Amino acid sequence: MSPNPKSKNSAAFEIAELADLTIDQLVAKFEVVHQEKCRSRNRNFIVRRIAWRIQANEEGGLSERALLRAGPIADESVIRVTPPKPKVGGDVVRTKMPPNWDPRIPPPGSFVERRYKGKIRRVLILTDGFEYEDERFDSLSAVAKSITGNHLSGFRFFKLGEHA
């Protein structure tokens, strides 16, 4: 796969779409993206590997220095083909929320979506606004207006918070 110059967040949207795929579709996508046979049926593992490759393709992957350092380490270790077992009571990753963040809105980097007129509309949450179809918006209401052509409450349109 080659980088998509159309959008800075095209990788984010492509990664978000992985959630909609079946395990067979994920295996097929893995084999296309990595150009090797997929030897796992673990959904989380496959999604993470595909996501890493999509990001590496868009952002350039590892530096030459990192590849040179990783070579000797990989030669000395047993290469895993399956994901490690999850830790019981493992580390919880918490997203740092910007100050004065509205609790009805998911954390930055998340997506909100709504099916409207037969099409899924996905909006990327940014720390300073929202992005829909490569366009930035200051509010969810502005996104809802762009989608429908009518002034609507963004929270109500996307069924967030107390208006849901």
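Which side chain does R122 meet in a salt bridge? The partner is E113, at 2.7 Å from N to O. A salt bridge here is a side-chain nitrogen of Lys or Arg within 4 Å of a carboxyl oxygen of Asp or Glu. The model is predicted: local features need pLDDT of at least 70, side-chain atom pairs count only at pLDDT 80 or more, and totals for chains, interfaces and linings use all residues. Residues are numbered from 1 along each chain as its sequence is written, and side-chain values use heavy atoms, with hydrogens and water left out.

A search of the whole structure returns seven salt bridges. The pair of R122 and E113 belongs to a network of salt bridges that also links D20. Accessibility is classed by relative accessible area: buried is under 20%, exposed is over 50%, and partly exposed lies in between (1.4 Å probe, protein chains only). R122 counts as buried because its relative accessibility is 13%. E113 has 39% and therefore counts as partly exposed.

Another salt bridge joins R104 to D102, again computed from N to O, at 2.7 Å. R104 is partly exposed, at 26% relative accessibility. D102 is partly exposed as well, at 22%.

R41 forms a salt bridge with D24; the closest N and O atoms are 2.9 Å apart. This pair links distant parts of the chain, 17 residues apart: R41 lies in the loop between α2 (23-34) and α3 (43-59), and D24 in helix α2. Helices (H or I, at least four residues) and strands (E, at least two) are DSSP runs, numbered from the N terminus. Both R41 and D24 are exposed.

The angle between α2 and α3 is about 35 degrees, and their axes are 10 Å apart. Axes are lines fitted to C-alpha atoms, for helices over the stretch in contact, and angles run from 0 to 180 degrees between N-to-C directions. The crossing of α2 past α3 is left-handed, that is, the near helix is turned anticlockwise from the far one by less than a right angle. Contact (heavy atoms within 4.5 Å) involves residues of α2 including I23, L26 and F30, and residues of α3 including I46, I50 and R53. By class, this contact has nine nonpolar, one polar and four charged residues. Ala, Val, Leu, Ile, Met, Phe, Trp, Tyr, Cys and Pro count as nonpolar, Asp, Glu, Lys and Arg as charged, and the others, Gly among them, as polar.

Four strands form an open, antiparallel sheet in the order β1-β2-β3-β4. Strands pair if DSSP finds at least two bridges between them. β1 (111-116) and β4 (135-137) are the edge strands; each has a single partner, so one side of each lacks a neighbour in the sheet. Neighbouring strands are turned by 30 degrees against each other on average, direction ignored.

Six bridges join β1 to the antiparallel strand β2 (residues 119-126). F111 stands opposite L124 in β2. Helix α5 (residues 140-148) packs on the sheet and touches β1, β2, β3 (129-132) and β4. The direction of α5 makes about 20 degrees with that of β3. In the hairpin of β1 and β2, two residues lie between the strands, and K117 takes a positive phi near 55 degrees.
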